[in-house]
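Hello,

Here is the structure you asked about. Please look through it first; my notes follow below.

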Amino acid sequence: MGTLIISAILALIALGFDRPVYWLAAAGLLYLYVRYVRPDQGSTGSSPTRGAAGPSGGVAGGSGGGSGGSGRVDTSYRAYRQRRDQMARWERRYRRERPWNNRK
């Protein structure tokens, strides 16, 4: 569906060289696409990670929500240890709940 919307936006832009009203229609369609269609595609992958970080009672302010380079800078060694321990607990739980998906 996204491909169809993007192609419609590009067609409206191409037709807009003769009639600038089409550019406004393309801008409106692009706004609707970004506002309503695009977040639904991205939320399936990122929502469980953020949801698991909130109620778990980990580091104040939430966790980075990913493994490796999450871009989070801890303010103290204690915050770093809490985040690292929480990540280790999540990874152990994941391996325990999904034994068929282990990489070794």
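**What was found**

The largest nonpolar core consists of six residues: Ile5, Ile9, Leu12, Ala26, Tyr33 and Val37. A nonpolar core here is a set of buried Ala, Val, Leu, Ile, Met, Phe, Trp, Tyr and Cys residues joined through side-chain atoms within 4.5 Å. Buried means under 20% relative accessible area, exposed over 50%, and partly exposed in between (1.4 Å probe, protein chains only). Helix H1 (2-15) and helix H2 (21-53) are the elements that each give two or more residues to this core; helices are DSSP runs of H or I with at least four residues, numbered from the N terminus.

This is a predicted model: local features need pLDDT of at least 70, side-chain atom pairs count only at pLDDT 80 or more, and totals for chains, interfaces and linings use all residues. Residues are numbered from 1 along each chain as its sequence is written, and side-chain values use heavy atoms, with hydrogens and water left out.

The whole structure contains two aromatic pairs (ring centres within 6.5 Å; planes under 30 degrees apart are stacked, over 60 edge-to-face, the rest tilted). Phe17 and Trp23 make an edge-to-face pair, 5.6 Å centre to centre with 85° between the planes. Tyr77 and Tyr80 have ring centres 5.8 Å apart and planes at 40°, so this pair is tilted. These two tyrosines, Tyr77 and Tyr80, lie three residues apart in helix H3 (residues 77-97), which means about one helical turn separates them. Tyr77 is exposed at 55%, whereas Tyr80 is partly exposed at 32%.

Regards

Key
Phe/Tyr/Trp six-rings, centres within 6.5 Å; stacked < 30°, edge-to-face > 60°.
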